[in-house]
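Dear colleague,

Here is the structure that I promised to pass on to you. Please keep it open while you read, as my notes below follow it part by part.

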Amino acid sequence: MAGRGGRGRGRGQMTFNVEAVGIAKGDALPPPTLQPSPLFPPLESRPAPLPGGEELEYMLALKQELRGAMKNLPYFVKPGAPRRDIERYSDKYQVSSPIDSAIDWSPDWRRLPRELRIRVRRLRPGPPHAPPAAALLPKCKQRLALDKEEAIKKLESLEKKEEEVTSEEEEKEEEEEGKEEEEEEYDEEEHEEETDYIMSYFDNGEDFGADSDDNMDEAVY
Amino acid sequence: MTQAEIKLCSLLLQEHFGEIVEKIGTYLIRTGTQPLRMIVNDTGLSLDQVKKALCVLIQHNLVTYQLQKRGFVEYEAQCKRVLRILRYPRYIYTAKTLYNDTGELIVEELLLNGKMTMSAVVRKVADRLTETMEDGKTMDYADVSSTFVRLADTHFVQRCPLVPEAAETPEVPPPPAPTLVINEKDMYAVPKLNLVGKGKRRRSCDEDENHEHKAKKHKKDGEDAEPPPDDGIYWQVNIDRFHQHFRDQGIVSAVANRMDQTSSEIVRTMLRMSEVTTSSSAPYTQPLSSNEIFRSLPAGYNIVKQVLDQYLTLLADDPLEFVGKSGDSGGGMYTVICTDLHKALASLATATLESIVEERFGSRCARIFRLLLRKKHLEQKQVEDFAMIPAKEAKDMLYKMLSENFVSLQEIPKTPDHAPSRTFYLYTVNILSSARMLLHRCYKSVANLIERRQYETKENKRLLEKSQRVEAILASMQATGAEDVQLQEIEEMITAPERQQLENLKRNVNKIDASENQVDETIFVLESFIESTLKKP
């Protein structure tokens with residue numbers, strides 16, 4: 001209470017002797033700040049220029065190269081392609097963009113925890129055994145074991161192999177209860193389509209109307 | 001981890017590994033050790049994406065995992081290691097200066113891939129070197145292997161912890177995660193490989209043909225080839241060793257600045273002799289006798305033994321105290337000398353602080369700062385007197401430094417009731433806390449620099465793409481042989497002001513990149529100093 005009356009009298013009474021810190025009597029104090037400090041305060045002294053030199057320029061070049069190189073490595077994980085609004089038939093035959101469930105490089109799985117393993121499946125060229133993703137899980141395992149031996153023989157004799165990558169989340173969860181599945185190898189090739197047709201022969205049908213009529217030997221009325 | 005560090009880590013991860021890895025890395029740094037389920041739940045990404053990202057992070061030694069007792073695996077991010085990404089160019093350049101292009105490429109491959117087997121490294125590096133050589137010459141695997149062995153012997157690359165050789169009993173299921181062990185003795189042991197071969201040059205003319213053939217071949221090879229003889233033995237870059245090297249470089253250049261070239265050479269010899277025997281956190285190097293130093297001096301320096309002794313005495317008496325005499329033996333004829341690494345780091349850090357104060361506040365502030373460093377505690381009045389600066393200005397400068405936390409106030413009460421009028425207020429400089437504050441600021445600066453660079457690049461994205469396209473067109477036209485007129489037309493697709501804009505962009509981006517490298521050097525000095533104070537023997 002007694003202190004309240006002292007407000008306004010004298011410049012501002014502090015609890016300690018202001019002179020000790022160096023503010024002499026009658027000195028002008030800077031005005032109080034009423035707003036946050038400016039975003040880009042003017043620099044009092046210009047910073048020294050960057051040192052140049054061969055060494056630093058080389059390191060600069062290295063840095064930029066490294067950045068560029070890392071963008072192209074398989075370690076740069078790009079998000080999966082966004083789904084288009086309508087599924088088109090031609091999607092199946094176009095080169096697919098990065099798939100979430102695929103991994104482009106092969107880490108040494110022995111060094112990593114089992115739960116991180118992204119397994120990749122090769123769809124057999126023989127459709128009857130092709131397992132749909134969600135259903136038939138315990139039976140799948142046995143069928144697949146047999147399939148694998150047959151398939152290996154088939155594949156070894158074929159020159160060209162087709163493969164497809166599917167996600168195996170559901171199957172894996174089942175596996176963890178039972179026995180472990182045999183390991184599948186993931187082939188690091190480009191995702192080739194699961195079709196026997198040569199890609200370049202595939203006609204989108206866009207040129208339909210524009211075909212020339214040169215070979216129309218049929219009756220011209 | 002401070003906010004500034006987390007921000008910087010997330011920017012580095014995003015630039016080098018993409019958004020998904022960045023999200024997961026930042027989440028782990030922020031929340032600590034987490035199992036897989038939590039990561040998937042909290043980040044909102046799909047399980048596959050999280051798995052992929054974790055594989056990438058573990059491969060690059062940025063995340064470690066641990067098998068908990070209850071049977072699940074927890075992942076932990078190494079924030080400090082992520083910050084090292086900033087220093088990769090410096091590591092590569094150092095390898096180049098020490099071991100030429102071969103060493104440079106080996107270190108670069110190891111840094112880009114995290115861990116690799118020796119055979120894989122040798123093969124890749126040989127291929128890369130062959131491509132840069134003239135037609136007809138190839139790089140032999142043996143050369144690359146020998147450089148690799150030298151890198152391992154000097155501890156610049158080390159082995160990664162190994163998967164233990166567990167006996168495969170069918171009843172005991174393998175654990176969900178391997179516990180990796182490393183034997184100290186084996187860390188630098190190079191496996192006996194017989195790598196024979198030469199680097200392959202990729203021919204661009206029949207590349208397409210080769211692609212298909214190679215594709216088929218690889219499939220067959222992948223199934224038939226046996227695992228390489230050093231399968232399972234992975235190598236990584238030994239970052240601590242590089243840091244030791246940088247520290248030694250700093251000390252040698254400090255001595256060279258303070259005294260002369262010869263003394264710096266002596267110190268360099270001493271440090272080189274104790275390179276492999278001293279661990280990175282030791283406060284002193286091994287004591288060396290002056291005889292040993294004399295024998296190990298580089299060939300160009302023929303100084304007499306007495307001169308060497310004089311130099312050693314000079315170094316030992318220097319107030320910087322880099323080098324200390326730890327004893328006389330043989331009746332004073334041989335001095336045993338060791339380098340005080342912690343003091344050296346402290347001096348380097350102090351010098352950095354002083355120069356920062358000078359650049360930021362001016363030379364008179366720097367004078368006050370150095371005065372306070374020398375005299376430890378001073379009152380207001382004493383500062384004015386010793387520094388010979390008028391009272392008003394001295395006051396102003398002290399307050400400026402105080403407000404920026406370079407300088408702090410120490411109260412010493414005369415009476416037990418701490419009455420302000422009867423208390424001494426002393427100004428002092430605490431090096432450790434100033435160093436920490438500056439380090440934090442450095443992290444913030446680098447984060448700002450990276451953001452600005454990304455902003456600049458984004459602003460001019462359209463222009464950059466256009467220029468890339470034009471370059472591609474030009475290159476293809478030149479390859480197929482086009483007239484100059486046509487080339488000129490294509491070049492004119494980019495107008496003069498656009499060219500100017502591109503020039504500006506390039507200059508700015510270069511400047512920012514160079515600044516990042518520069519700040520990283522300061523970060524290194526400050527971090528080493530702070531680390532040396534933390535580790536108590």
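**What was found**

Read along the sequence, chain A follows the pattern α-α-α-α-α, and its secondary structure comes to 5 helices and 0 strands, where helices (H or I, at least four residues) and strands (E, at least two) are DSSP runs numbered from the N terminus. Of the 221 residues in chain A, 24% are buried, a word that stands for under 20% relative accessible area, with exposed meaning over 50% and partly exposed the range in between (1.4 Å probe, protein chains only). Among contacts in chain A (heavy atoms within 4.5 Å) between residues at least 6 apart in sequence, 67% join residues at least 24 apart.

Please bear in mind that this is a predicted model, in which local features need pLDDT of at least 70 and side-chain atom pairs count only at pLDDT 80 or more, while totals for chains, interfaces and linings use all residues. Residues are numbered from 1 along each chain as its sequence is written, chains are lettered from A and ligands numbered from 1 in the order in which they are written, and side-chain values use heavy atoms, with hydrogens and water left out.

The model scores ipTM 0.82 and pTM 0.76. Chain B has a mean pLDDT (the predictor's confidence in each residue, from 0 to 100) of 83, and 87% of its residues reach 70 or more. Within chain B, confidence is highest in helix H18, at 94, and lowest in helix H9 (residues 207-224), at a mean of 40. Where pLDDT is low, the predicted coordinates should not be read in detail.

In chain B, the axes of helix H14 (residues 341-361) and helix H18 (residues 431-459) come within 11 Å and cross at roughly 65 degrees; axes here are lines fitted to C-alpha atoms, for helices over the stretch in contact, and angles run from 0 to 180 degrees between N-to-C directions. The contact is made by B:Thr350, B:Leu353, B:Ile356 and B:Arg360 of H14(B) and by B:Ile431, B:Ser434, B:Leu438 and B:Arg441 of H18(B).

Strand S12 of chain B is largely enclosed by the rest of the structure, because 5 of its 6 residues are buried. S12(B) runs antiparallel to strand S11(B), to which 6 bridges join it (two strands pair if DSSP finds at least two bridges between them), and B:Pro413 stands opposite B:Thr423 in S12(B). Strand S10 (residues 377-379) of chain B is also antiparallel to S12(B), with 3 bridges, and there B:His377 stands opposite B:Thr428.

The loop between strand S11 (408-413) and strand S12 (423-428) of chain B holds B:His418, whose phi is near 50 degrees, a positive value in a residue other than glycine. Most residues other than glycine have a negative phi. B:His418 is partly exposed, with a relative accessible area of 47%. B:Asn61, in the loop between helix H4 (47-59) and strand S2 (63-67) of chain B, likewise has a positive phi, near 65 degrees, but B:Asn61 counts as buried, at 19% relative accessibility.

With best wishes
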